[in-house]
Amino acid sequence: MALFEYAPAPESRSVVDIKPSYGLFINGEFVDPTDGGALKSINPASEEVLAEVAEAGAGDVDRAVRAARAAYEKVWGPMPGRDRAKYLFRIARLIQERGRELAVLESLDNGKPIRESRDVDIPLVAAYFFYYAGWADKLPYAGFGSDPRPLGVAGQVIPWNFPLLMLAWKIAPALAAGNTVVLKPAETTPLTALLFAEICQQAELPAGVVNIVTGAGDTGRAVVTHPGVDKVAFTGSTEVGRGIAKAIAGTRKKLTLELGGKAANIVFDDAPIDQAVEGIVNGIFFNQGHVCCAGSRLLVQESVYDAVLESLKRRMARLRVGDPLDKNIDIGAINSAAQLERIRTLSEIGAQEGAERWSPPCELPDRGFWFAPTIFTGVSQAHRIAREEIFGPVLSVLTFRTPAEAVEKANNTPYGLSAGVWTDKGSRILWMADRLRAGVVWANTFNKFDPTSPFGGYKESGYGREGGRHGLEAYLDV
Amino acid sequence: MSERVAVRKTYKLFIGGKFPRSESGRSYPVQNSNVALASRKDLRDAVVAARAAVKAWSGTTAYNRGQVLYRVAEMLEGRREQFVALGEPADEVDAAIDRWVWYAGWSDKLPQVYGGANPVAGPYFNLSAPEPTGVVGIVAPAQPSLLGLVSVVAPAIVTGNTAVVLASEERPLAPVTLAEVLATSDLPGGVVNLLTGRIAETAPHLAAHMDVNALDLTGVADGELARTLEEAAAANLKRVLRPSSPDWTADPGTRRMTAFLETKTVWHPKGV
């Protein structure tokens with residue numbers, strides 16, 4: 001079967017030093033929780049326990065919010081933007097310096113291939129800090145008035161799919177704008193956030209400006225509902241996002257939500273097929289499909305359906321699934337047992353509802369959480385696998401005949417985060433882009449991210465934008 | 001035991017990333033040193049180097065240009081005491097370091113502030129974006145010789161232009177030392193070229209050079225000279241920034257960047 005035999009090419013773990021247990025990062029120090037418990041963070045590729053991590057209780061969250069408030073009032077708020085910028089530049093540089101360490105730790109804790117953590121996640125993390133560092137002393141030029149003010153204390157809750165990158169998307173603009181933060185990383189992927197806390201210490205960031213409280217849903221709820229929080233930013237599922245919107249109704253808290261998606265990746269008959277297939281594979285199998293903007297619905301024009309499917313299957317047969325630390329691996333481990341269960345359940349429903357399931361022959365490791373890259377053909381718009389976010393390496397394939405039908409089907413979802421268009425015709429790209437109800441439209445490319453480029457959804461994919469000049473608005477009193 | 005005899009520095013030109021003496025073999029005594037006295041030929045060499053650097057530097061991503069300018073700030077911070085020893089006031093050296101940081105951050109933001117989509121009345125995509133104008137000739141302010149120089153050079157190059165700079169005639173030691181900082185800051189050779197010598201001798205050739213796209217006359221104190229330079233610049237319609245003596249410690253704004261930018265607007269039809 002295999003064209004080439006690959007020798008194992010594991011990245012060394014020796015660059016990271018994981019402590020047996022971690023406290024909470026409050027007011028510039030690691031402290032033990034006073035009213036919380038502990039969680040274990042495991043390596044999803046082996047199920048080995050990596051470290052024990054504190055679970056912050058409501059009292060711990062309160063301490064963190066108070067520390068953030070004090071830092072906002074006494075240090076960070078009054079500090080000139082020029083000096084805030086310098087701290088953020090320092091952090092950006094330290095992330096670049098410690099890039100390999102962060103990449104390996106991210107792959108260990110999350111299960112994503114080292115190729116992605118090393119070449120995508122961590123370089124982007126540094127780039128976001130670098131970009132927003134530059135805004136800290138230029139806020140009057142950002143288009144929000146001559147003297148835009150920060151909001152105060154930001155409570156931020158982030159997901160497990162891009163742990164450190166989501167931290168950067170939240171913390172960099174918040175700090176640049178002059179806010180202080182209390183951030184809760186996801187319970188299954190807290191380790192890079194805790195290493196980031198060490199980087200804050202190394203950068204001599206004033207105490208209390210960044211506070212990291214680890215924990216699960218209850219900790220997140222405590223952060224979001226704390227009366228001392230002025231701004232809430234959440235990235236995660238639409239269901240939890242809805243709950244947060246409800247929970248803060250009637251308060252003065254400003255809210256931005258970056259939620260789920262069910263993006264259409266639309267391939268027209270004039271698209272270069274090989275390039276489109278690379279884009280389809282990247283769109284759904286990047287990061288095991290744990291991507292809110294993943295191109296999880298493939299819409300292929302009928303006239304090229306056979307050619308695209310044949311090429312896609314051939315390409316999928318070359319994907320390598322396995323040890324995330326192996327540099328030749330394309331698809332790593334599913335982040336948790338719970339997520340694996342959800343992917344399995346929805347895939348079984350897909351088959352039961354009549355869609356045809358296909359995966360390439362693919363050996364999966366014995367231990368850990370794994371799911372082979374999978375496509376479903378013969379999917380209709382009514383199928384649950386065409387409507388619900390699977391958040392795994394599972395692609396639903398549908399067809400269309402005309403551009404208008406493609407738009408109709410692409411928009412036939414409560415979500416609206418992203419979309420992809422593949423065609424040789426520039427005017428058609430722009431015609432499609434005008435009609436797609438999605439916050440990001442990728443044309444002849446997919447899953448591109450940049451700190452200068454705003455990201456966020458329409459409809460039930462949330463509101464507000466992260467990244468770019470627009471990303472500052474979420475953290476300014478405007 | 002005898003006292004150690006110090007090794008003295010030769011203050012040379014900075015062209016294409018190298019430090020040549022003037023091809024004319026001339027120098028002039030200033031600030032207790034002999035400093036290269038640039039000729040017309042040196043100036044023409046500098047323009048050639050600047051032109052050669054345009055393609056790569058303007059094609060470098062804004063992110064990378066920002067990183068390079070930030071690196072200049074890092075290098076300058078490390079040489080802070082050296083500039084103080086050359087007689088630059090410490091607060092001005094600090095301000096010069098911070099100015100590199102300020103402009104570093106603009107590399108990927110100016111197009112967002114200064115460009116954008118235009119809602120034309122028709123089925124067209126229409127986007128305006130700034131582009132560098134090319135080679136900028138700069139007469140740096142005589143004073144302050146470091147902060148003034150940084151304040152005119154950084155905004156010209158951060159957007160992707162390259163520069164030929166005539167340094168302060170009376171105080172060239174800090175400018176040449178800054179060139180040594182630039183040479184060790186990942187800035188590609190030729191992006192900044194620095195000439196020392198007589199402004200009245202070299203500036204007319206810079207202003208008349210047909211391969212220079214823009215002229216910053218900020219440091220020209222003589223009004224009559226400024227007028228003749230501006231006239232010469234008209235030959236190939238150089239973009240001209242007229243002489244001024246601003247408060248160099250104030251927020252510099254965006255004017256010095258936008259002065260040396262072109263705006264490119266792209267139209268594209270929309271339709272199936």
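This passage describes the interface between chain A and chain B, then one annotated residue of chain A. The model is predicted.

Chain A and chain B bury about 2300 Å² between them. Carbon and sulfur atoms give 62% of that area. The contact draws 27 residues from chain A. Chain B supplies 24 residues.

Four salt bridges are found between chain A and chain B.

On the side of chain A that touches chain B, the elements giving two or more residues are α2 (81–97), α4 (114–135) and α14 (426–435). Of these, α4(A) gives the most, with seven residues. By residue class, this side of chain A holds eleven nonpolar, six polar and ten charged residues.

An unreviewed UniProt entry lists A:E258 under "active site". The residue lies in strand β10 of chain A, which spans residues 254–258. A:E258 has a relative accessibility of 4% and therefore counts as buried, the cut-off being under 20%. Beyond its neighbours within four places in sequence, A:E258 is in contact with A:W169, A:F234, A:T235, A:G236, A:C292, A:L417, A:F455, A:S461 and A:E466.

Notes:
Residues are numbered from 1 along each chain as its sequence is written. Chains are lettered from A and ligands numbered from 1 in the order in which they are written. This is a predicted model: local features need pLDDT of at least 70, side-chain atom pairs count only at pLDDT 80 or more; totals for chains, interfaces and linings use all residues. Side-chain values use heavy atoms; hydrogens and water are left out. Contact means heavy atoms within 4.5 Å. Buried area is the accessible area (1.4 Å probe) that two parts lose on being put together, summed over both. A salt bridge is a side-chain nitrogen of Lys or Arg within 4 Å of a carboxyl oxygen of Asp or Glu. Helices (H or I, at least four residues) and strands (E, at least two) are DSSP runs, numbered from the N terminus. Ala, Val, Leu, Ile, Met, Phe, Trp, Tyr, Cys and Pro count as nonpolar, Asp, Glu, Lys and Arg as charged, and the others, Gly among them, as polar. UniProt positions are given in the numbering used here, feature names are shortened, and annotations may be inferred rather than shown by experiment. Buried means under 20% relative accessible area, exposed over 50%, partly exposed in between (1.4 Å probe, protein chains only).
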